[in-house]
Amino acid sequence: MSSDTPRKDEDIPIPAVLERLSTSPDGLSSSEATKRLQQYGRNEILEKKRSRIVAFLRYFWGPIPWMIEAAAIISAFIQHWDDLGIIAVLLAVNAVVGFWQEDKASNAIELLKKRLALRATVLRDGKWVDLSAAELVPGDVTRLRLGNIVPADSKLIDGDYVLVDQSALTGESLPVEKHRGDLAYASSIVRQGEMNGVVTATGMGTYFGKTTKLVEEAETKSHFQKAIVRIGDYLIAIAAVLVTITTLVGVYRQLSVFDLLQFGLVLVVAAIPAALPAVLSVSMAVGAEALAKKEAIVSKLVAIEEMAGVDVLCADKTGTITKNELTVGQVRPGAGFTEEDVLLNATLASREEDKDPIDDTIIARAKSAEDIPGRLASYKIASFKPFDPVSKRTEAAVVGGPGRGFSVSKGAPQVILDLVHAGAEVKKDINSSVDEFAAKGFRALGVAKTGDAGSWEFVGLIALFDPPRGDSAATIATAESMGMEVKMVTGDHIAIAKEVSSLVGLSANIVTPASFLNMPDVKAATTVEQAGGFAEVFPEHKYRIVDLLQEKGHIVCMTGDGVNDAPALKRADAGIAVAGATDAAKSAADVVLTGPGLSVIIDAVKESRKIFQRMTNYATYRITETIRVLAFVTLSIIVFQFYPVTALMIVLLALLNDMPIITIAYDNVLYSPRPERWNMRTLLLVSTFLGGIGVVSSFGLLYIGLVMLHLNTTVIQSFILLKLAVAGHLTLFVARTKGPFWSIRPGKFLFLAVVLTKVVATVITVYGILLPSIGWNLAALVWGYALIWFVAQDFLKVQFYKLIDRRQGADNPEPGEGSAKSGRPV
């Protein structure tokens, strides 16, 4: 809706706003909302979509396409029409495959975004319902609670106050307190309080929509992506140096400048990892889709790679390690009160429509009691203050029943004790009860009410029990076998934390924030690193825990669900919003869980390690292939004054190599038993070693063709082309495993793509399509020779990895080598 400037609604009285919007505090009917949705449109910020034609044409613009296009122009100039045709096909294939894969990745991301869309609590037909925020219309009445992202510009009409963080819109550094009659802007975050508001503007008509032309999150490159790009730059530099040497030698030998330039360009093109962007985007998209099926929605794709290196998992107790299915275990009344009094007053201090787990548990228990429902009917709630992390209690003003109005409150026992100003003896008894509950794994909740004199009285304690999930112990054992330490984080009493830890097999070394706050960083970091878990934790303590663990060099995953968890989720290398998290926590997290439990997180880590492994395999193969082809061609020209392949053949080789490599995103891999780390030294050592073997084997076949078989120059070039093509993807099968090549079966798509391209290469060289023919006998010789070297190369690779393991221990580096968000190298 495009109203008069949203800020003007701030000054208009509530009745005038309701009249202008033709609504009331009771909200709209469903039929009226449907009419307004058609009139005003969906509550969405319209993003400027890039034309698909423009997106496709981008693949013909940039350094790599320019070099291919320059080679095509030179081919046309010197009238090498066959070369021109093949180069044009290479350019078109790169563009089509790249565009198709990018489009597929974009569609996958859009689907994930839809699953993360905001929800809103709306008053429709006199009932509170949960709807997609996109369905809000002007005149709707919404409830704004702690942790909500305000879904649309709303005039606040009912409630005490809300504390709103609107820094992203107005630049104000501190949250702003808003009351009845104030305006809450779309996309601001509710930090405290709870109020109802009537929607005054939606979509592009909101203050946020009018000041934001395009909502776009800046793309963050992970360390792994940066490393892959560095590899690409490194390969381009090597290619440029070797091609320059080759060209200078050709000029010295008085060869055609145009032929040399064309050959140099296509050689550089063959060396450049043109499939790199597509491999990255497809791997991430495939991984995100796989995680979504396992109830983990990725909001930031780079988090998939960061999670692969996580070695410390800080997991919330409630809902992650436990079931988050609360039951009332025991009720202990205070002096002068009964169990029914405790449940009655606790129910009055709860609100059913808020769907709070604690409130729901208490209300359900009260409804099951014989006399309480009847007594509840005689009371009316005049006002209600919801729970917030600062006060740690709820409060309600009650009217009706015997006597005059009174107030009730429920919350943390320590907070309730402070409220009632209990004496030392009473505090001792209550704390003893709390400790007794905690030893059984029960969480205590205090209840209080005001008496006739208006002073607070302690009503009693309610013991709530949240049992561990059935799979928690096994999942924690799995995590530890994967090299991750699980540290439980809870706001509950330390005795509860120790009891739950013992039930699921976690360390009993539980500490409270007092043991690491207000002490030197070095000592605090050691304390946090050695702790098995943390109890009595406030959300702001989580940030400190993450920071100290990162100071010790760990890659940290932190879970959270509350609005105050957002800083810790952002600070963590992988922030995870658990099932049922607030909008604010979801917006700050890298991954949002749609299912409960720790196993979802472990599945996400496993999938992340698989993706990391695929990317490492691709990097190893690409460096190996560049060294193998470039070094062989350059040495052949410089030392033997012989061009082992023509420019056309190099283009064909690049085409044949790039087409199937995209399918590496679907390859079968085993996740690493240890946290993954980027190890450039090992990668370069192994790649150089494998590339060197490839150069030796190529010269071996060149010797056979020239000296033993006395093949002429044109035939030997086709002979070598088939060898480079066949051996190239056999090298991929070598590079994709650290053990023998048969230890992990290749993915179906990868295997079929490789076989198909090798068949094409064989047919082209055997029958002389665009090239001199070599016949089936020579083709069979090449295949046999390549297979023998494939087995030998794989055997030598396994031995080389063993040597590296013994001398460096580089394949499985210990945790503590750096953290992405702490700024240290990884």
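1. Let's start with burial. In this predicted model, 55% of the 826 residues in the protein are buried. The exposed surface comes to about 35000 Å², with carbon and sulfur atoms supplying 59% of that area.

2. On the overall make-up, you will find 29 helices and 21 strands in the protein. If you look at contacts with a separation of 6 or more, 72% of them join residues 24 or more positions apart.

3. Strand β7 deserves a look of its own. Buried here stands for under 20% relative accessible area.

4. Which strands pair with β7? One of them is β3 (residues 141–144), which runs antiparallel to β7 over 4 bridges. Another is β4 (residues 153–165), also paired with β7 in the antiparallel sense, over 10 bridges.

5. Now to the nonpolar cores. The largest has 116 residues, and L313, V645 and I720 have the most contacts inside it. Helix α24 (residues 599–640) gives the most to this core, contributing 15 residues. There is also a second, separate core of 27 residues, with A525, I545, L549 and M558 among them. As general background, nonpolar side chains tend to be buried together in soluble globular proteins.

Technical notes: Residues are numbered from 1 along each chain as its sequence is written. This is a predicted model: local features need pLDDT of at least 70, side-chain atom pairs count only at pLDDT 80 or more; totals for chains, interfaces and linings use all residues. Side-chain values use heavy atoms; hydrogens and water are left out. Two strands pair if DSSP finds at least two bridges between them. Helices (H or I, at least four residues) and strands (E, at least two) are DSSP runs, numbered from the N terminus. A nonpolar core is a set of buried Ala, Val, Leu, Ile, Met, Phe, Trp, Tyr and Cys residues joined through side-chain atoms within 4.5 Å. Buried means under 20% relative accessible area, exposed over 50%, partly exposed in between (1.4 Å probe, protein chains only). Contact means heavy atoms within 4.5 Å. Accessible areas come from the Shrake-Rupley method with a 1.4 Å probe; for residues, only the protein chains shown count as cover.
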